[in-house]
Each structure stands twice: as structure tokens, then as C-alpha cells.
Amino acid sequence: MLAKSLKHMEGSLELLQALGCTLATTLEECTHYVTGKPSRTEFFLSTVAAGKWVLAPSFLEEALREGRIVSEEAHEWCPEIARAALLRSSVVELVRACRLQRKRTVRSFASWRVALCCTKASRTESLLHVLRSGGCCIVRPYSPSQLLNALKSNAEVVRELNLVLSGDDVWESSQLDTVTTHLPVYKLEYIAHCLCVEVPEPELYRLQSDNGHVCKRLKVA
């Protein structure tokens, strides 16, 4: 699958098809995602979370030059390729996820049972896709008030879930105090962090109130 930034290469599509490539239109169909601009978009994170190949454009360029499908390893996005392309340090850290997730035998979110609290429906839908691509089978969207009511009135909710992911701007301090007595609450950035490291550090992303103020612990993955 080609990133939008590589639409100029669609002119070579017939040549690529002759080599055995097929242009996928959905994540489910995709086995290889080729992009020149790794970033924290829904599709990039979903592709990484699903363990697909995430490759630099040099993969297609070499295939066209050689007239055959070439080995992927030399073209898989990694910190070395990102540095050579003079990309930002945040991107250098982000692309660590590509090889790490592709080699995983168990998807990173397979054990997660999530209550997802976002301020925008579009953000919720985007993160639902990322989490499910990474193996998360239980994701329940809630507003803060809905989650509070569910935790107070339905013990089954607490048993079903094991963490809350939310923006740090959705809670009043008293609400956050109540939720954290039942479940740990983490910033949304925890999702990308878990894709980029072998051993996640959840405490860096935990949200909790501190003397009436929301305490934010953030480390950029």
C-alpha cells in the first residue's frame, strides 16, 4: 500500500504489478506499507500495530531498477534510515516500532481491555482502529460521566476492563480521583510508547490528581 505522499509513483503501478505487487486499498489487505513520511497518523500506527512491513520508498525504487521483488529488510524504516533522511528526532524514535512490532509473536495490545475517553468522536474512531489492529479485543468508548456512572453502578464494568486511556483535558480532579480507585488511567500517548519499546514504562504516562490538579507525566516515545 502506498502512502498519499507517494501517489506520484502510481505511474509505475503496472510495472510493479508485473513484478507481482498488488495495490491494497485497506489495512486488512495490506502486507507492506510504503511511506516516505513516517508519522503518528492512524494508518501508520495501525499498520505498525498489526505487524505489517513498513518500508521506505527505496524498496519500490530498487524493485523497479532490478526488475524483481527485492528483500524488505534493507528498506524497513528504522532509526538509521530516519537519521540518514534527516528526519526529526521524534520520528527517529517512532520508527523503532516498525521492526519491533513486525517481529512480535503476540500483538502489543492483546491483553488490554480498554475504556477510551476522548473529547472528539473522530479521535475515538481513529484510536479504536489502532488498538484493534494491535490485538485489543475489548475497547469501550465512554465520556467521563458515562464511565463514572458505569463504575459506580455496574461491578461488571470493573471486571471487564483493566485500564483507561484518555486525554489529559477531559477530567475534573475529583472525577479522576474516583476513576483511579478502580482502574489505572493513562495518557493517549501511551499507545505509541508501547509500540516503540520492548518494555513499556506505564508510570511515565499515568494520569492522577495531585492536590486538586491533574498530574501529567509525559515522555515522548
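Strand 3 (residues 113-117) and strand 4 are paired in the parallel sense over 4 bridges, where strands are DSSP runs of E of at least two residues, helices are runs of H or I of at least four residues, both numbered from the N terminus, and pairing requires that DSSP find at least two bridges between two strands. The model is predicted, so that local features need pLDDT of at least 70 and side-chain atom pairs count only at pLDDT 80 or more, whereas totals for chains, interfaces and linings use all residues. Residues are numbered from 1 along each chain as its sequence is written, and side-chain values use heavy atoms, with hydrogens and water left out.

Within the pairing of these two strands, R113 stands opposite I138 in strand 4. Helix 7 (residues 121-133) packs on the sheet and touches strand 3, strand 4 and strand 5 (163-166); contact denotes heavy atoms within 4.5 Å. The direction of helix 7 makes about 170 degrees with that of strand 4, with axes taken as lines fitted to C-alpha atoms, for helices over the stretch in contact, and angles running from 0 to 180 degrees between N-to-C directions. The sheet itself is open and consists of 4 strands in the order 4-3-5-6, with parallel pairing. Because strand 4 and strand 6 (185-187) stand at the edges, each with a single partner strand, one side of each is left without a neighbour in the sheet. The twist from one strand to the next averages 30 degrees.

At the level of the whole chain, 11 helices and 8 strands are present. Of the 221 residues, 45% count as buried, a class defined by a relative accessible area under 20%, with exposed over 50% and partly exposed in between (1.4 Å probe, protein chains only). The accessible surface comes to about 11,300 Å², of which 50% belongs to carbon and sulfur atoms; areas were computed by the Shrake-Rupley method with a 1.4 Å probe, and for residues only the protein chains shown count as cover. Among contacts between residues at least 6 apart in sequence, 55% join residues at least 24 apart.

P144 lies in helix 8 (residues 144-153) and is buried, with a relative accessible area of 15%. When residues up to four places away in sequence are not counted, P144 touches V170, W171 and Q175. The C-alpha atoms of P144 and V179 are separated by 9.0 Å, the two residues being 35 residues apart along the chain.

The salt-bridge count comes to 9, a salt bridge being a side-chain nitrogen of Lys or Arg within 4 Å of a carboxyl oxygen of Asp or Glu. One of them joins R140 to E160, with the closest N and O atoms 2.7 Å apart. This pair links distant parts of the chain, as R140 belongs to strand 4 (residues 138-141) and E160 to helix 9 (residues 155-160), 20 residues apart. R140 is partly exposed at 32% relative accessible area, and E160 is partly exposed at 22%.

Helix 9 also holds R159 and E156, which are 3 residues apart and thus separated by about one helical turn; their side chains meet in a salt bridge at 2.9 Å, N to O. R159 is exposed, at 56% relative accessible area, whereas E156 is partly exposed, at 42%. A further salt bridge connects R96 with E93, the closest N and O atoms being 3.0 Å apart. R96 is partly exposed at 34%, and E93 is partly exposed at 32%.
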